[in-house]
Amino acid sequence: MSTNGKIRVIVVDDSALVRKLLTRMLESDPGIEVVGAAPDPYAARDQIKRLDPDVITLDVEMPRMDGITFLENLMRLRPMPVVMVSSLTHDGAKVTLQALELGAVDFVTKPARELSVKLEDYAAEVVAKVKAAARATIRPLTNFSGTEREAFRERVKESLREAGAYEARSAGTRQRLVAIGASTGGTEAIRRVLECLPPDSPPIVISQHIPASFSGPFAERLNSVTSLTVKEATDRAPIMPGHAYVAPGDWHLRVQRDGARLICRIDQSETVNRHRPSVDVMFDSVAESAGSEAVGVLLTGMGRDGAEGLARMKASGAATIVQDEASSTVWGMPGAAVSLGAADEILSLEQIPARMMQFAANGRARSA
């Protein structure tokens, strides 16, 4: 942070037009100062050493060295808040998700001509995400991959075994349901929860704030690392054990009771908390359709979306879990839920899978 209290930003992009546009947008906020603009990672490296920024925005596709390679080097040698600037293509989405796994805080889509009528909204998003990144908890890359990742998974599996969650999970005859909401930092938090779960887990519905072209690749990525079957939710799809359903970007996901079974419903009704999908929308529908048979989990994220919905889930008899501040990238949504008294338990990301499964197997009262 500069002596004047402003967030210092370096914009890294090979396009002079994009550098100029992002600089103008960021400096429209009095709390942000763009101290440098670099056309490639080599120039960025020199500017980072000299200017000591609080946040950098980083293009994915650049000459001389791509953004992913640069990000990986940066997170090993000088971990700092990074907001990726990504194309809207399927391949762009896959690369961006890889960047989030390497430790980038968040991403924005690359500004394009067709965005011209929405530049004000786009600028507000860029400013909000850079401000959130400046407050984010940044961890060295070793915490996200390799042996650390395997050790994390083994500790979670041991917790599951100790909790007896595998045996208890099948008790009872009513269908249980887990609902997970997240935003900033959520793609990685959700992956780390899901990849530890057994294939016969109760069904899971997920609302992650994500653009339309990113939710499909996100579901594919989750499906590749977990024993669950993970897919984008489709309208009226039956909700089945061993499956996880990701809300499509720009669509709300609701859960509806259809006789004895639960089904997915998706729609493009108005945004809620400026989001679609909205976690509040999903949690509200779960409170109504599943009540005490459900578990609500609110993970890392910017803003308040999901906090009131989690409180309504708790009031309906559902068990509720909130990620703690220490393990969250941004403790906005979870913190808002805690302030409302919506959380039965506040747990680290590592503790959540086992407790979530206990609650799903036994409900809130029997798991106390």
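## Cavities, a pocket and a parallel sheet

Leu 22, Thr 57, Val 83, Val 85, Val 108, Val 126, Lys 129 and Val 130 line the second largest cavity. Strand S4 (82-86) and H5 are the elements that give two or more residues to that lining, and H5 has the largest share, with 3 residues. By type, the lining of this second largest cavity splits into 6 nonpolar residues, 1 polar and 1 charged. Keep in mind as you look around that this is a predicted model.

How many cavities of 30 Å³ or more does the structure hold? There are 2 of them. The largest cavity is lined by Leu 97, Thr 187, Glu 188, Arg 191, Phe 218, Arg 221 and Leu 222. Here H8 and H9 each supply at least two lining residues.

| Space | Volume |
|---|---|
| Largest pocket | about 1400 Å³ |
| Largest cavity | about 40 Å³ |
| Second largest cavity | about 30 Å³ |

The lining of the largest cavity is made up of 3 nonpolar, 1 polar and 3 charged residues.

Now for the largest pocket, with its volume of about 1400 Å³. It has 42 lining residues, and those closest to its centre are Glu 125, Lys 129, Pro 211, Arg 274 and His 275. Strand S5 (106-109), helix H5 (119-135), helix H8 (186-194) and helix H9 (212-225) each bring at least two residues to the pocket lining. H5 gives the largest share here, 6 residues. Sorted by type, the pocket lining comes to 15 nonpolar, 15 polar and 12 charged residues.

Next, the sheet. It is an open one of 7 strands, paired in parallel, and its order reads S8-S9-S7-S6-S12-S13-S14. S8 runs parallel to strand S9 (residues 243-246), and 4 bridges join the two. If you'd like to find one of these spots, look for Lys 231, whose bridge partner in S9 is Tyr 245.

Helix H10 (residues 279-289) touches strand S6 (177-182), strand S7 (204-208) and strand S12 (294-298), and its direction makes about 165° with that of S6. Helix H11 (residues 307-315) lies across S12 and strand S13 (319-323), running at about 155° to S12.

Finally, take a look at Thr 329, found in the loop between S13 and helix H12 (333-339). Is Thr 329 buried or exposed? With a relative accessible area of 16%, Thr 329 is buried, because anything under 20% counts as buried. Leaving out residues up to four places away in sequence, Thr 329 touches Val 105, Ala 136, Thr 137, Arg 139, Thr 184, Gly 185 and Thr 300. One of these contacts, Val 105, is 224 residues away from Thr 329 along the chain, yet their C-alpha atoms are separated by 7.3 Å.

Note on methods
Residues numbered from 1 in each chain as written. Predicted model: local features only at pLDDT ≥ 70, side-chain atom pairs only at ≥ 80, totals over all residues. Heavy atoms only, no water. Pairing = 2+ DSSP bridges. Contact = heavy atoms within 4.5 Å. Axes fitted to C-alpha atoms, helices over the stretch in contact; angles between N-to-C directions. 1 Å grid on protein atoms, 1.4 Å probe; cavity = no way out; pocket = protein on both sides within 12 Å on 5 of 7 lines; lining within 4 Å. Points joined across faces, edges and corners; volume = space filled by probe spheres on them. Nonpolar A, V, L, I, M, F, W, Y, C, P; charged D, E, K, R; others polar. Buried < 20%, exposed > 50% of the residue type's maximum accessible area, 1.4 Å probe, protein only.
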